[in-house]
Amino acid sequence: MRRPLSTSGSPVPRVTHISGAHGFLLRIPLFLIFLIIYLLTLSGNTLILLAVVTENQLHKPMYWFLCHLSFMDMTVSSIVVPKVIAGFVEGGQSISFWGCVSQLFFFHFLGCAECLLYTMMAFDRFLAICRPLRYGTIMNHKVCLGLSLGSWIGGCLNSLMQTSLTFHLPYGQGNKVDYIFCDIPAMLRLACADTSFNEKVTMLDVGVAASLSFLLILTSYICIVSAILRIRSAEGRFRAFSTCAAHLTVVVIYYIPVVFNYVRSGSQDMIDRVVAVFYTTMTPFLNPIIYTLRNKEMKAALARLGNPRRGGGGE
């Protein structure tokens, strides 16, 4: 039986073991797969940041928010994936208790901030397409800075609350997180106290935040689609839709797995782990690809970044 220990007293749990679906025969191929995806994630998002910084054509609100998204994607991936990769190495599945606290805090900090940022990006697209004449006046530098800072501050405050509630509970010394990283549901299963209140708060918090953000995004896109359908030329409709398609795609692949894992109650089984791998590993990897695939400005900027002699040329 575990001896109850509180994080506010002493001693505190020293080491937490993170388990995962690591078959011995699969360790090397999984190690290589996750390592390659992680390196490609860093490379892809770094290229987007460099392209936006060096290309004057991309100094627009849409790309300002995209830079924040790229930085968040790199950071979220760096919080979870390196520890997953280390888990395939002998002895690499251990993490200090305070390391676990930090991982949980920064993961939910960036996750909530990204959720808010998607809403800001939808608002930006709404103004660009539905209020084009007032777009430049409304989305000035101060507004862009305020909206992006708001997403960071909102994510930080939300994560502070969730992390405090989670680690205010007593824990024992012999902890083994039966999950790929230190997440709230996995940590609650280790607590030596009743966690029903924490579970309800987590479901309510994630449910309300995700639902409200998604509702605002959905409302924005209903207005956007209505405005696009009123455009007379087929080329104009295609260009307007192309600017929104990437954002709408990343919103869908972000929200569906998050809602699946946090809003529903129950044990974290293998399906939950696969879903967690998707939104911690694959989503940050896919976002740069999705945003460059249909964006002519970004593709041209990346081409000029790779070949500086072409700088100053048009699309």
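Analyst: The link of Cys 100 and Cys 182 is left-handed, with -115° about the S-S bond. Before going further, note that this is a predicted model, in which local features need pLDDT of at least 70 and side-chain atom pairs count only at pLDDT 80 or more, while totals for chains, interfaces and linings use all residues. Residues are numbered from 1 along each chain as its sequence is written, and side-chain values use heavy atoms, with hydrogens and water left out.

User: Why is the pair Cys 100 and Cys 182 called a disulfide?

Analyst: The term requires a pair of cysteine sulfur atoms within 2.5 Å; the S to S distance here is 1.9 Å, so the pair meets the definition. The structure holds one disulfide. Cys 100 lies in helix H3 (residues 97-130) and Cys 182 in the loop between strand E5 (175-177) and helix H6 (184-188), so that the link joins distant parts of the chain, 82 residues apart. Helices (H or I, at least four residues) and strands (E, at least two) are DSSP runs, numbered from the N terminus.

User: How do you know whether Cys 100 is buried or exposed?

Analyst: Buried means under 20% relative accessible area, exposed over 50%, and partly exposed in between, with a 1.4 Å probe and protein chains only. Cys 100 has a relative accessible area of 0% and is therefore buried, and Cys 182, also at 0%, counts as buried. Cys 67 at 14% and Cys 144 at 6% fall under the same cut-off, so both are buried.

User: What makes a space a cavity and not a pocket?

Analyst: On a 1 Å grid over the protein atoms alone, a cavity is a set of points where a 1.4 Å probe fits but cannot get out, whereas a pocket is an open set with protein on both sides within 12 Å along at least five of seven lines; lining residues have an atom within 4 Å of a point. By this rule there are four cavities of 30 Å³ or more, and the largest cavity has a volume of about 320 Å³. Of the 20 residues that line the largest cavity, the closest to its centre are His 108, Gly 111, Cys 112, Tyr 254 and Val 258. H3 supplies the largest share of that lining, six residues.

User: Which helix gives the most to the lining of the largest pocket?

Analyst: The largest pocket holds about 600 Å³ of space, and of the 22 residues that line it, the closest to its centre are Arg 239, Ser 242, Thr 243, Asn 295 and Glu 297. H8 gives the most to this lining, with seven residues; the elements that give two or more include helix H2 (61-86), helix H8 (234-262) and helix H10 (296-306).

Terms used
Grid points are joined across faces, edges and corners, and a volume is the space filled by probe spheres set on the points.
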